[in-house]
Amino acid sequence: MKMSEWTPNIVVFACNWCTYQGADLAGSLRYEYPPSINIIRVPCSGAIEPEYIVSALKNGADGVLVGGCHPGDCHYKEGNHKAVRRFNLLKRVLTGMGVEAARVRLEWISGSEGRRFAEVMTEFDRAIKEIGPNPIGRDGNA
Amino acid sequence: MLKLAYLLAGGCGGCDMAVVDLSETLVDVLPQLEVVFWAPTVADVKYKDLEAMPDQSVDVGLVSGMVRLSEQEHMTRVMRQKCKVLVAYGACAALGGIPGMANLHTKEEIFQTAYFDTFSTDNPDGVTPQTKCLVDGKYELTLPEFYGRVRPLHQVVDVDYFIGGCPPHHSFVGQAIVAILEGKLPPPGSWITGGKAVCDVCSRNPGQQGGERELITSVKRTVDGAPEEGKCLLQEGYICLGAVTQGDCGALCPKVNIPCRGCGGPIPGVKDFGLRAVSAIASSLADEELVDQIPSPVKLFYRYALPASMLGKKVK
């Protein structure tokens, strides 16, 4: 496949209470964001185990974004506090394993931030296009 | 009479010693065991003798050590053919073990360090191991091929049971051997384990002392000071992986102030040891800043389990 034909495959784990509502709002308001974004609704960003992110990367995702509520706004009080710690530690492990840090991202997007949801997705899609296809599982890699 | 074969693949021999450490238990079970192959530790039987045995003629095969060389791969396949039940015995066979951390480097990098860069290396002709070489123009000598990555046993052949530990604690080895002798085994593909985490059997666990777990407020290396007696190592800031590690060892290391590093293997239900350890440790941190203070996270969380992890090796 030529690079010009390549469109990334991006997995977004969106928390039910904020980021997923933000995505809904983006839709209702007709904000556009790239078709490479595949949203998976989860109860809370704190429910995202590092295994989910690595599974996505291993199964063909070129980028993974975890979206949660802004700090202090978690529906379950501290789920997003756990999420940020796990995510940042996972990112250090992934970097050590040779995975580009920019392939994974954590963002706080609230239910009222429809525009921000569309902007973040557009920007992440552009960032992943710049890094290129995920090498995991290709060319004899991991 | 139960026929037993034991193969030392890529391991260090420590797992062999754990069997020998059974002492009286071993003496008790020996009359029921016929060791048909255990080179070089116990029986003077060669590879060719094992290869000549009929398929499925050995009741139980234990393999210790990971697979890095073509020789190890070949003998592991022979073991699978000859043994009715094959056990990945110890951290290396079950998870990749300490040598598995070599999966953070390519074969070329490893050769460069081992045969050129180390201080004690004197290699003016730039010789590296070759699989074949001709000596005096007529003697062909061979060496096994060094593969590009370390593999745990189950990535080479089907494995019936896994036993963790580096090495497995001898009292637990005794239980496992008795379970095998009595046929009291879990479904194939399982770990032979009590199923409890190291924390469950650790006397330092605040939960065992009627207290509660608190968040970690500092991160310390094992060389930083000395832990308070009887207090949870993790709560004092010594990153201990007991929460996600099988406790068939009886929490030996925490008992002597050494934090658990996960040699026992993942507790039941965990697919990727290191990632679950990341999850468990990170969510116990009181402060976000502490994440960056954890030293060498890959080698800490994947000390014994890198080749068996989802990524398996460093991505190029």
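First, the ground rules. The model is predicted, so local features need pLDDT of at least 70 and side-chain atom pairs count only at pLDDT 80 or more, while totals for chains, interfaces and linings use all residues. Residues are numbered from 1 along each chain as its sequence is written, and chains are lettered from A and ligands numbered from 1 in the order in which they are written.

Let me start with chain A. There, 4 strands make an open sheet with parallel pairing, in the order E2-E1-E3-E4. Strands and helices here are DSSP runs numbered from the N terminus, with at least two residues (E) for a strand and at least four (H or I) for a helix. Two strands pair if DSSP finds at least two bridges between them. At the edges sit E2 (37-42) and E4 (104-108) of chain A, each pairing on one side only. On average, neighbouring strands of the sheet are turned by 20 degrees against each other, direction ignored.

Now one pair within that sheet. E1 (residues 10-15) and E3 (residues 63-68) of chain A pair in the parallel sense over 5 bridges. Ala14(A) stands opposite Gly67(A) in E3(A).

Next, two helices of chain A. H1 (residues 19-28) lies across E1, E2 and E3 of chain A, at about 110 degrees to E1(A). H3 (residues 79-96) of chain A lies across E3 and E4, at about 160 degrees to E4(A). Such angles run from 0 to 180 degrees between N-to-C directions, with axes fitted to C-alpha atoms, for helices over the stretch in contact.

On to the two chains. Contact means that the C-beta atoms of two residues, placed from the backbone, lie within 7 Å. By that rule, 23 residues of chain B are in contact with 23 residues of chain A. On the chain B side, the elements giving two or more residues are H9 (273-282) and H10 (297-301) of chain B. H9(B) gives the most, with 6 residues.

Last, chain B itself. Its domains are domain 1 (2-98 + 157-191), domain 2 (106-140) and domain 3 (195-316), with bounds from an automatic or database domain assignment. The C-alpha centres of domains 1 and 3 of chain B lie 28 Å apart. Their contact takes 14 residues from domain 1 and 16 residues from domain 3 of chain B. On the domain 1 side, the largest share, 3 residues, comes from helix H5 (residues 91-95) of chain B.
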